[in-house]
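Biologist: Could you walk me through the terms for this one?
Modeller: Gladly, let us take a look together.

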Amino acid sequence: MKKGIHPAYSYVVFRDTSCGTTFRIRSTCTSKQTIVWDDGNTYPLIDLDVSSASHPFYTGEQRRVSAEGRVARFQQRFGLVSRRSSDAK
């Protein structure tokens with residue numbers, strides 16, 4: 001690897017602001033905020049709006065849309081239009 005062209009890759013703490021969960025991983029992200037982690041060391045802190053701890057896909061609270069309901073609504077709105085146009089002929 002060439003020296004001086006790669007960003008620093010070290011431990012960073014990410015905090016999910018929606019649920020308060022924190023996790024430490026290695027990243028090239030930097031921040032002026034810091035936090036003292038469980039091991040007693042100080043790490044840069046980056047706040048996130050959504051993480052796997054709060055995202056509906058990972059928490060199992062994902063909203064499911066019924067395809068059958070969509071078809072029924074479509075038929076209700078536009079099915080009558082096609083019947084009326086064929087009746088008029």
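Modeller: To start, 6 bridges join strand 1 (residues 10-16) to strand 2, and the two run antiparallel. This is a predicted model: local features need pLDDT of at least 70, side-chain atom pairs count only at pLDDT 80 or more, and totals for chains, interfaces and linings use all residues. Residues are numbered from 1 along each chain as its sequence is written, and side-chain values use heavy atoms, with hydrogens and water left out.

Biologist: What makes strand 1 and strand 2 a pair?
Modeller: Two strands pair if DSSP finds at least two bridges between them, and here there are 6 bridges, so they pair.

Biologist: Why is the aromatic pair of F14 and F23 called stacked?
Modeller: Rings of Phe, Tyr and Trp (its six-membered ring) pair if their centres lie within 6.5 Å; planes under 30 degrees apart count as stacked, over 60 as edge-to-face and the rest as tilted. F14 and F23 are 5.9 Å apart centre to centre with 20° between the planes, so the pair is stacked.

Biologist: And why is F14 called buried?
Modeller: Buried means under 20% relative accessible area, exposed over 50%, partly exposed in between (1.4 Å probe, protein chains only). F14 has 8%, so it is buried, whereas F23 at 27% is partly exposed.

Biologist: How do you know that the charged end of R24 sits over the ring of Y11?
Modeller: The rule asks for NZ of Lys or CZ of Arg within 6 Å of the ring centre and within 35 degrees of the ring normal. R24 is listed as over the ring of Y11, 4.1 Å from its centre. R26 also lies over the face of Y11, at 5.6 Å from the ring centre.

Key
Helix = DSSP H or I, 4+ residues; strand = E, 2+ residues; numbered from the N terminus.
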